[in-house]
Amino acid sequence: MNLLTQNSKIKKTSKHFGVKLMNFGIPAYRSRVSGKVTCPFADKCIKYCYAQKGAYNYGNVHPVFEERYNATKRDDFVEVMCAEIKKKKPQFIRVHDSGDYYSNAYIDKWFEIARKNPDVKFYSYTKSIPLFEGRTLPHNYCLIYSEGSKVDDMIDPNVHRHSRIFRDKDELRISGYIDASKNDLYATKWYSPNHKIGLIFH
């Protein structure tokens, strides 16, 4: 199973920074097979989710995302992902270019993967904020809370690393946000001290 790949933005970001960045995705919002929700705290974002249109809508994409989603539920997911990391040797992994953390048990698996691969840096945009309350992240893990969820009131823009959608670059910069629209690693703590991450609506 091909668990780690590169979408177009990830490829551009890799080239821009001269690093090996790969991504992992599961179905956006809900599985088309089981109907299980994969983004439990999604709200306003559902109707404009980029991962439900464009290349993500191609017929051959959905089965792959479903396979990965099923893999996350397996008892050996940690071992399988660690083997994939050993094989492909990424320096950075974006967890979820599509989908989100759907349970505490699922988060535990990713944190274990991160701890077993201390030289790899992991990051995610997430709306599953309540699931991370009281948790200590591995040192090589970075979370970006994403606005547009049912729990936006839990985001403190002055404290939390978070992302906000803007209409254009001028509005983004005037608001004091760093533009991570084209180069994804600007969203992370390793490439930007600014915890305000801006994305242009597309």
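Q: Let's start inside. Which residues touch the most other members of the largest nonpolar core?
A: Those are Phe24, Met81, Tyr101, Trp110, Phe122 and Tyr141, out of 33 residues in that core. Remember that this is a predicted model.

Q: Which helices and strands supply at least two residues each?
A: The helices are H2 (61–72), H3 (77–88) and H4 (104–116). The strands are S1 (21–24), S2 (92–95) and S4 (141–146).

Q: And where does the largest share come from?
A: From H4, which gives 6 residues to this core.

Q: OK, new topic. How many salt bridges are there?
A: The count comes to 8.

Q: What does aspartate 108 pair up with?
A: Its side chain meets that of arginine 135 in a salt bridge, at 3.0 Å from N to O. The two sit in distant parts of the chain, 27 residues apart: aspartate 108 is in helix H4, while arginine 135 is in the loop between strand S3 (121–126) and S4.

Q: Are those two buried, exposed or partly exposed?
A: Aspartate 108 counts as partly exposed because its relative accessibility is 39%. Arginine 135 is at 24%, so that one counts as partly exposed too.

Q: What about glutamate 112, which partner does that one have?
A: Lysine 116, with the closest N and O atoms 4.0 Å apart. They are 4 residues apart in helix H4, so about one helical turn separates them.

Q: And where is the partner of glutamate 147?
A: The partner is arginine 164, and their side chains meet at 2.9 Å, N to O. Arginine 164 is in strand S5 (162–166), and glutamate 147 is in the loop between S4 and S5, 17 residues away.

Q: Which residues are joined into one network by shared partners?
A: Lys9, Arg94 and Asp184, through salt bridges.

Q: Last one: which residues form the positive surface patch?
A: Lys12, Lys169, Arg173 and Lys182. Lysine 169 belongs to helix H5 (residues 169–174) and is partly exposed, at 36% relative accessibility.

Terms used: Residues are numbered from 1 along each chain as its sequence is written. This is a predicted model: local features need pLDDT of at least 70, side-chain atom pairs count only at pLDDT 80 or more; totals for chains, interfaces and linings use all residues. Side-chain values use heavy atoms; hydrogens and water are left out. Patches are made of residues with over 30% relative accessible area and no salt bridge: like charges are joined within 9 Å, nonpolar side chains (Val, Leu, Ile, Met, Phe, Trp, Tyr) within 5 Å. Accessible areas come from the Shrake-Rupley method with a 1.4 Å probe; for residues, only the protein chains shown count as cover. Lys and Arg count as positive and Asp and Glu as negative; His and the chain ends are not counted. The place of a charge is taken as NZ of Lys, CZ of Arg, CG of Asp or CD of Glu. Buried means under 20% relative accessible area, exposed over 50%, partly exposed in between (1.4 Å probe, protein chains only). A nonpolar core is a set of buried Ala, Val, Leu, Ile, Met, Phe, Trp, Tyr and Cys residues joined through side-chain atoms within 4.5 Å.
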